Amino acid sequence: MQIRKGVCLCGAVRYVIKGEPAAAAICHCRHCQKAGGTLFSFNLFVSEADYEQEGQTMIYEDKGDSGQPSYRHFCGNCGSPVITKVPALPGQVLVKAGTLDSMEGLQPPQIEIYTERAAQWVAPIAGTTRFALSP
């Protein structure tokens, strides 16, 4: 069984993922851009049962384009986004891949969503299926 570890920037929030993520996706939506302060978010779809966290996160309740809530968990000390939970994906957490200790052996993303909102000079990632909006 693959075990991956991750941590926020200051080290206050640590986690372990037991097993492989079900999927990996890049999101170019404006909310992910603003929440991460970058061009897109690289998310790993992980079973909640395979995710163990030490340290407390603060939660920001966001609303996606669907109008449904999205719960963005971040470190209250350094602000690093750690996971997102959405009711449309029960039993799953979206782990922010940038917080992993290592990207070695990580599966590449399979899809890119909200590509209509991607910076024009960001090239499509090889091998991904692209969606202008969320599928």
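Biologist: Which residue of β9 stands opposite T84?
Modeller: In this predicted model, where residues are numbered from 1 along each chain as its sequence is written, local features need pLDDT of at least 70, side-chain atom pairs count only at pLDDT 80 or more, and totals for chains, interfaces and linings use all residues. Side-chain values use heavy atoms, with hydrogens and water left out. Opposite T84 stands L94.

Biologist: Which residue in the hairpin of β8 and β9 takes a positive phi?
Modeller: This hairpin has 6 residues between its strands. The positive phi, near 80 degrees, belongs to G91.

Biologist: Which residue of β8 faces H73?
Modeller: β7 (residues 69–75) and β8 (residues 81–85) are antiparallel over 4 bridges, and their hairpin has 5 residues between the strands, with G79 in the turn at a positive phi of about 85 degrees. Opposite H73 stands I83.

Biologist: Which element gives the most to the lining of the second largest pocket?
Modeller: A pocket is an open set of points on a 1 Å grid over the protein atoms alone, where a 1.4 Å probe fits, with protein on both sides within 12 Å along at least five of seven lines, and lining residues have an atom within 4 Å of a point. Here 14 residues form the lining, and G36, S41, P81, K96 and G98 lie nearest the centre. Two or more residues come from each of α1, β4 and β8, a helix being a DSSP run of H or I of at least four residues. The most, 3 residues, come from α1.

Technical notes: Pairing = 2+ DSSP bridges.
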